[in-house]
Amino acid sequence: MPLYMCNAVSGTIPETAKPKIAADITDIHCEITGAPRSFVHAFFFEDAPQLPINGKSVFLFASLRGGRTVEQKQALVDRIKASLHQRAGVPLSEIVVDTTDVPASWVMEGGDVLPEPGEEDRWLEAHQGAMS
Amino acid sequence: MIPVMCIVQEGQVSKAAERALKSEIGSFTRRAFDAPADIDWIVVPTGSGFTAARPSTTVIASLHANRDLADKERASLLRQLAEICMRKTGRSAHEVVTSIRNPR
């Protein structure tokens with residue numbers, strides 16, 4: 001967590017762009033929130049029925065640990081939309097990005113419940129060997 | 001029914017392992033929530049899954065409970081679900097993410 005799930009109309013996002021967008025999402029998320037990179041998952045799909053695109057070209061749904069501010073979430077949305085626009089050439093008007101908050105205590109990774117935002121250091125210390 | 005979303009990377013889980021994992025998750029939801037699982041099995045295509053901006057090997061199992069859970073019980077159930085995923089997919093704890101949410 002976070003989990004970014006990007007659904008696009010088939011062929012909209014070139015294969016070569018996906019690693020670049022995933023790197024941008026990871027950089028943007030970590031820069032804005034201070035979360036560790038190892039927490040960031042970015043998965044791409046085409047025409048996946050679970051993530052309705054609703055007439056647009058790209059729908060990106062982000063599950064975020066709760067506790068992020070409105071400003072942080074808006075910055076995430078704006079910068080990730082810009083990445084999709086720049087890397088895949090998708091018009092901004094064709095991209096929808098939505099976020100949902102999930103309490104850290106509802107998620108387990110590495111065999112432990114995730115830390116609250118800002119309390120990652122101790123968690124990472126305990127998991128350092130396995131995460132490297 | 002307990003809605004469960006399982007996300008795996010393409011080529012990561014054999015059909016036999018998929019059947020075994022679904023079966024065991026079904027047993028888990030019956031035991032924990034007295035309800036069968038409604039599993040949405042989602043495969044991330046090769047070259048389309050990334051963790052820490054590198055090719056991902058992550059397995060995710062996420063479900064909505066049918067009752068509110070206290071932290072202690074939720075943590076125990078998260079651990080049980082993670083152990084099922086690890087055992088059936090052969091992935092390590094750091095490749096398995098589990099989430100148990102309160103009812104919608």
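I take two strands as paired if DSSP finds at least two bridges between them. Helices (H or I, at least four residues) and strands (E, at least two) are DSSP runs, numbered from the N terminus.

**Entry 1: conventions.** I note that this is a predicted model, in which local features need pLDDT of at least 70, side-chain atom pairs count only at pLDDT 80 or more, and totals for chains, interfaces and linings use all residues. Residues are numbered from 1 along each chain as its sequence is written, while chains are lettered from A and ligands numbered from 1 in the order in which they are written.

**Entry 2: chain A as a whole.** I looked up the elements of chain A and found three helices and six strands. Along the sequence their pattern is β-α-β-β-α-β-β-β-α. The radius of gyration of chain A is 15 Å, close to the 14 Å from the globule rule for 132 residues, so chain A is as compact as a globular protein of that length. That radius is taken over C-alpha atoms, and the rule is 2.2 Å times the number of residues to the power 0.38. I noted a box of roughly 45 × 30 × 25 Å for the C-alpha atoms of chain A, along the principal axes.

Of the 132 residues in chain A, 39% are buried. Buried stands for 20 or more other C-beta atoms within 10 Å of a residue's own, with C-beta atoms placed from the backbone; 12 or fewer is exposed, and in between is partly exposed.

**Entry 3: one sheet.** I traced an open sheet of six strands with mixed pairing, in the order β4(A)-β3(A)-β1(A)-β2(A)-β3(B)-β4(B). At its edges stand β4 (95-102) of chain A and β4 (54-55) of chain B, each with a single partner strand, so one side of each has no neighbour in the sheet. Strands β1 (residues 3-8) and β3 (residues 58-65) of chain A run antiparallel and are joined by six bridges. In this sheet I found A:Y4 opposite A:A62 in β3(A).

Helix α1 (residues 17-33) of chain A lies across β1 and β2 (41-46) of chain A together with β3 of chain B, at about 145° to β2(A). Helix α2 (residues 70-88) of chain A lies across β3 and β4 of chain A, at about 145° to β4(A). For these angles, axes are lines fitted to C-alpha atoms, for helices over the stretch in contact, and the values run from 0 to 180 degrees between N-to-C directions.

**Entry 4: another sheet.** I traced six strands in the order β6(A)-β5(A)-β6(B)-β5(B)-β1(B)-β2(B), again an open sheet with mixed pairing. Its edge strands are β6 (112-113) of chain A and β2 (37-44) of chain B, each pairing on one side only. Strands β5 (residues 59-64) and β6 (residues 96-101) of chain B pair in the parallel sense over six bridges. There B:H64 stands opposite B:R101 in β6(B). Between the chains, β5(A) and β6(B) run antiparallel, joined by three bridges, and A:V107 stands opposite B:S99 in β6(B).

**Entry 5: the contact between chains.** I counted 28 residues from chain A and 27 residues from chain B. On the side of chain B that touches chain A, α2(B) gives the most, with six residues.

Definitions and conventions:
Contact = placed C-beta atoms within 7 Å.
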